[in-house]
Amino acid sequence: FGITDYIFINASPSDGADSESVSNQLLQIIRDVPKAVLQDYTSAIETQKDYLRQQQIFFSSIAVILLIISLFHIVNSMNHTILARRREYGIIRAMGITERGFCKILISEGLFYGVFTSVCMLVLIFISNRVLRRVMDYYMAHVLQFLHLTSNVPNLVLIGIMVLNVVIAAVAVMFPAWKMGRENIISEIKK
């Protein structure tokens with residue numbers, strides 16, 4: 001563009017200062033400087049912050065919806081897994097297992113399911129961070145240079161999700177176990 005001898009000065013008013021009065025004072029100072037331009041980005045920054053807040057609410061809402069969907073999936077999977085093996089559990093109960101032992105079997109199955117899905121989640125996160133992230137960085141370099149992305153999920157969030165996953169899986173087996181415990185053992189074996 002042929003721009004030479006260009007100087008850019010960035011100034012931010014202190015918190016609580018009236019940006020309009022600061023702009024007027026700066027205009028008085030630079031009025032005699034040729035080709036000097038004052039640009040106030042205060043409203044643009046506020047608009048950008050508002051946009052980022054809306055974007056954060058949107059993505060948080062998507063995360064909550066996905067969490068609810070996964071909750072229903074875990075409960076449904078565990079319910080189906082246990083009820084599909086009703087005959088097997090009926091035979092175990094007919095052989096004389098105590099209610100406490102029966103619940104231990106089902107809870108250990110739920111814990112196994114929760115731990116297994118947590119390990120799968122960690123593997124997928126590792127793959128996405130190592131492989132997909134590099135591909136996206138390569139193809140979207142022109143976009144990513146303007147974003148300050150962090151490439152990792154915080155460890156506390158990962159641990160929280162894994163614990164929640166295991167707890168949900170363990171609790172999800174309790175309803176079918178309670179339902180089977182109330183039924184007659186003979187009827188479970190015949191099904």
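**Eight helices: terms and values**

Guide: The protein has 8 helices and 0 strands. Helices are DSSP runs of H or I with at least four residues, strands are runs of E with at least two, and both are numbered from the N terminus. The order of elements from the N terminus is α-α-α-α-α-α-α-α. This is a predicted model, in which local features need pLDDT of at least 70 and side-chain atom pairs count only at pLDDT 80 or more, while totals for chains, interfaces and linings use all residues. Residue numbers start from 1 along each chain as its sequence is written, and side-chain values use heavy atoms, leaving out hydrogens and water.

Visitor: Why are helix 2 and helix 7 called roughly parallel?

Guide: Helix 2 (residues 42-84) and helix 7 (residues 174-182) pack at an angle of about 30°, with their axes 8 Å apart. The axes are lines fitted to C-alpha atoms, for helices over the stretch in contact, and the angle, from 0 to 180 degrees, is taken between N-to-C directions. Angles under 35 degrees count as roughly parallel, over 145 as roughly antiparallel, 65 to 115 as roughly perpendicular, and the rest as oblique. Helix 2 and helix 7 are therefore roughly parallel.

Visitor: Which residues make the contact between helix 2 and helix 7?

Guide: Helix 2 supplies Asn79, Ile82 and Leu83, and helix 7 supplies Pro176, Lys179 and Met180; contact means heavy atoms within 4.5 Å. By class, the contact has 4 nonpolar, 1 polar and 1 charged residues. In this scheme Ala, Val, Leu, Ile, Met, Phe, Trp, Tyr, Cys and Pro are nonpolar, Asp, Glu, Lys and Arg are charged, and the others, Gly among them, are polar.

Visitor: What makes helix 2 oblique to helix 6?

Guide: Helix 2 and helix 6 (residues 155-172) pack at an angle of about 40°, with their axes 9 Å apart. That angle makes helix 2 oblique to helix 6. The contact joins Leu67, Leu71, Ile74, Val75 and Met78 of helix 2 to Leu164, Asn165, Ile168, Ala169 and Ala172 of helix 6. Its residues divide into 9 nonpolar, 1 polar and no charged.

Visitor: Which hand does the crossing of helix 2 and helix 6 have?

Guide: The crossing of helix 2 and helix 6 is right-handed. A crossing has this hand if the near helix is turned clockwise from the far one by less than a right angle, and is left-handed if anticlockwise. The crossing of helix 2 and helix 7 is also right-handed.

Visitor: Why is isoleucine 82 called buried?

Guide: Isoleucine 82 lies in helix 2. Buried means under 20% relative accessible area, exposed over 50%, and partly exposed in between (1.4 Å probe, protein chains only). Isoleucine 82 has 0% relative accessibility, so it counts as buried. Not counting residues up to four places away in sequence, isoleucine 82 touches Tyr89, Leu106, Glu109, Val173, Pro176 and Met180.

Visitor: How do you know that the side chains of glutamate 88 and arginine 85 meet in a salt bridge?

Guide: The N to O distance is 3.2 Å, and a salt bridge needs a side-chain nitrogen of Lys or Arg within 4 Å of a carboxyl oxygen of Asp or Glu. Glutamate 88, at 38% relative accessible area, is partly exposed, and so is arginine 85, at 29%.

Visitor: What links Arg85, Glu88 and Glu109?

Guide: A network of salt bridges links these residues. Glutamate 109 and arginine 85 meet at 3.1 Å, N to O. That pair links distant parts of the chain, with glutamate 109 in helix 4 (residues 99-139) and arginine 85 in the loop between helix 2 and helix 3 (86-94), 24 residues apart. Glutamate 109 has a relative accessibility of 16% and therefore counts as buried.

Visitor: How many salt bridges does the rule give?

Guide: The count comes to 4. One of the bridges joins arginine 93 and glutamate 99 at 3.8 Å, N to O. Arginine 93 is buried at 9% relative accessible area, whereas glutamate 99 is partly exposed at 44%.

Visitor: Why is serine 23 counted as buried?

Guide: Serine 23 lies in helix 1 (residues 19-30). The relative accessibility of serine 23 is 13%, so the residue counts as buried. Serine 23 touches Leu38 and Asp40, not counting residues up to four places away in sequence. Of the 191 residues of the protein, 17% count as buried.
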